Amino acid sequence: MIDSLLRVADVGKAYVGNPVLQHIDLELKPGRAHALVGENGAGKSTLVKILSGGIRHYEGRLELEGRPYRPTSPADAQAKGIVAVQQELSLSPFLPVYQNLWLGKRLPGSGAFVLNRDLARRSDELLERYGVSMDTSRWVSDLSLEEQQVVEILKALAFDPRVIIFDEPTSSLGAANTRWLLDLMAGLKARGCALMVISHRLPEIMELADDITVLKDGVKVATVERRAVSSADVVRMMVGRDLEDIFPPKPSRASLDAGAAVLEAEHLRADGVADLSLRVRRGEVVGLAGLEGQGQHALLLALFGVNPPLGGSVAIAGAAAKLHSPSQAIREGVGLVPVDRRTEGIVLPLSISENIALATLERRQRFGCMDRAREQALVDATMAELAIHAPGTQAAVETLSGGNQQKVVLGKWLATQPKLLLLDDPTRGVDIGARSDIYHQIRGIAATGVGILINSTDTIELVGLCDRVLVMFEGRIVSELAGAGITEEAIIGAAVGVKGEHPDG
């Protein structure tokens with residue numbers, strides 16, 4: 001058996017004298033998944049581009065099955081059996097799925113052209129092979145972002161590669177397709193493929209990876225076997241701090257219990273929410289946990305008026321609240337940081353100033369005119385409070401890092417002076433260093449008396465950040481954890497059926 005499919009030896013890359021990779025060594029072995037982790041700017045994307053032919057000039061050497069390998073382009077790498085599934089989609093929106101799947105490939109027996117009927121047949125066979133149900137005659141422009149990500153993955157697999165690089169492959173996938181992809185990766189390993197996986201989601205890394213290489217500032221910190229380390233060990237290598245240092249300290253339970261309730265829901269029913277009651281107090285950070293799709297996301301949408309409640313009652317700060325639409329929810333003092341910040345939370349081409357001011361337009365009008373001085377003061381204060389790193393308030397949000405984009409979304413709602421802030425997977429796709437900043441800012445917002453309800457798919461986040469955790473199953477709260485009882489084991493156990501008690505919040 002081949003010991004190593006792809007070997008990276010002493011690889012380095014610099015731009016204008018600034019090194020972004022230095023003396024990197026690692027091996028991708030058949031039948032194993034190798035995770036590449038590190039904060040943004042650690043050099044992960046540069047290494048991926050070198051391996052997949054996107055960068056031609058670099059120091060060091062690559063070996064494929066023991067022979068020199070120096071791809072001149074992505075097409076050259078693909079021809080040699082190495083493909084990369086990038087975060088940025090490479091699909092043609094105005095072609096059907098069956099044509100997109102075979103772009104750039106030479107098909108046997110096709111001659112000068114390939115009949116669409118032949119492409120459609122091959123596409124159906126490819127989808128059946130990997131357990132995907134989709135109408136391949138649909139144009140890509142008509143697909144959701146999640147469906148397009150699935151097509152992007154299948155497009156890479158159509159090359160029948162030996163080495164596959166997955167760069168944040170689940171960032172646009174929901175629960176079902178994330179599970180599909182993780183199972184697919186396990187099947188690829190069983191077939192002898194070598195995988196490289198880049199993800200900010202440590203639970204996925206810890207489930208899938210056999211080996212983990214940690215990069216920091218372009219330098220390899222270590223390569224370790226996954227079974228020999230914990231999530232906390234990986235975090236420590238990535239950021240140089242213990243996991244406990246990533247999260248701010250929590251207030252005492254006694255001080256939280258003394259606070260008035262900002263949210264009281266009784267027998268709430270909505271689309272995806274069965275019948276539940278919960279309470280969130282001033283200054284409290286309450287987490288929602290469980291297997292994905294068990295009502296956590298639906299509960300936040302109901303409280304923000306996207307899917308209005310169908311029954312029960314909701315009170316905000318002691319007063320009965322009408323939540324028939326997002327605009328009503330905002331007037332009641334509720335804000336929502338959505339799960340997909342790029343399509344739902346911010347307007348990418350607009351400036352930081354314009355994005356932060358979006359939710360307070362009505363408040364800043366005087367006699368039908370905008371109060372620009374008030375707007376600028378608001379934006380300046382918000383940028384300073386959240387430590388948003390940018391050239392200035394007029395910088396386009398699309399030019400910012402993921403962490404700073406998320407801070408802009410937080411800032412938009414902070415500017416409304418909310419009573420209740422709903423956070424839907426707020427650090428999804430954000431590296432661990434920027435996450436720490438966001439955690440401290442969430443706790444700082446809570447300290448002003450805001451109640452916070454957070455849905456997170458990261459159990460480490462729930463343990464480190466939340467004062468209480470409510471575990472949901474089939475639209476109901478099945479367990480409540482607090483204090484030292486909030487552990488990864490307790491959350492996962494309750495989520496899969498080892499239920500605990502649910503005292504009144």
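Is Arg32 buried, exposed or partly exposed? At 25% relative accessibility, Arg32 counts as partly exposed; buried means under 20% relative accessible area, exposed over 50%, and partly exposed in between, with a 1.4 Å probe and protein chains only. These legends describe a predicted model, in which local features need pLDDT of at least 70, side-chain atom pairs count only at pLDDT 80 or more, and totals for chains, interfaces and linings use all residues. Residues are numbered from 1 along each chain as its sequence is written, and side-chain values use heavy atoms, with hydrogens and water left out.

**View 1. Arg32 pairs with Glu225 in a salt bridge.** The closest N and O atoms are 3.6 Å apart; a salt bridge here is a side-chain nitrogen of Lys or Arg within 4 Å of a carboxyl oxygen of Asp or Glu. The pair links distant parts of the chain, 193 residues apart: Glu225 sits in strand 10 (residues 219–225), and Arg32 in the loop between strand 2 (18–28) and strand 3 (33–37). Helices (H or I, at least four residues) and strands (E, at least two) are DSSP runs, numbered from the N terminus. Glu225 is partly exposed, at 35% relative accessibility.

**View 2. Arg7 and Glu63 join through their side chains in a salt bridge.** Their N to O distance is 3.7 Å. Arg7 belongs to strand 1 (residues 6–15) and Glu63 to strand 4 (residues 59–64), so this pair ties together parts that are 56 residues apart in sequence. Arg7 is partly exposed, at 29% relative accessibility.

**View 3. Helix 8 (residues 231–239) holds both Asp233 and Arg236.** These two residues are three apart, about one turn of the helix, and they form a salt bridge with the closest N and O atoms 2.9 Å apart. Asp233 is partly exposed at 25% relative accessibility, and Arg236 is partly exposed with 34%. The whole structure has 26 salt bridges.

**View 4. The largest cavity holds about 130 Å³ of space.** A cavity is a set of points, on a 1 Å grid over the protein atoms alone, where a 1.4 Å probe fits but cannot get out; lining residues have an atom within 4 Å of a point. Grid points are joined across faces, edges and corners, and a volume is the space filled by probe spheres set on the points. Of the 17 lining residues, His200, Leu202, Val235, Ile432 and Arg435 lie nearest the centre of the largest cavity. Helix 17 (432–447), helix 8 and helix 18 each supply at least two lining residues, and helix 17 gives the most, with three.

**View 5. The second largest pocket contains about 740 Å³ of space.** A pocket is an open set of grid points with protein on both sides within 12 Å along at least five of seven lines. Its lining has 30 residues, and Pro203, Glu207, Glu292, Thr457 and Thr459 are the closest to its centre. At least two lining residues come from each of helix 6 (175–190), helix 7 (202–208), helix 18 (459–465) and helix 19.

**View 6. Gln294 lies in the loop between strand 13 (285–289) and helix 11 (296–303).** Gln294 counts as buried, at 15% relative accessibility. Leaving aside neighbours within four places in sequence, Gln294 is in contact (heavy atoms within 4.5 Å) with Met472, Phe473, Glu474, Gly475 and Arg476.
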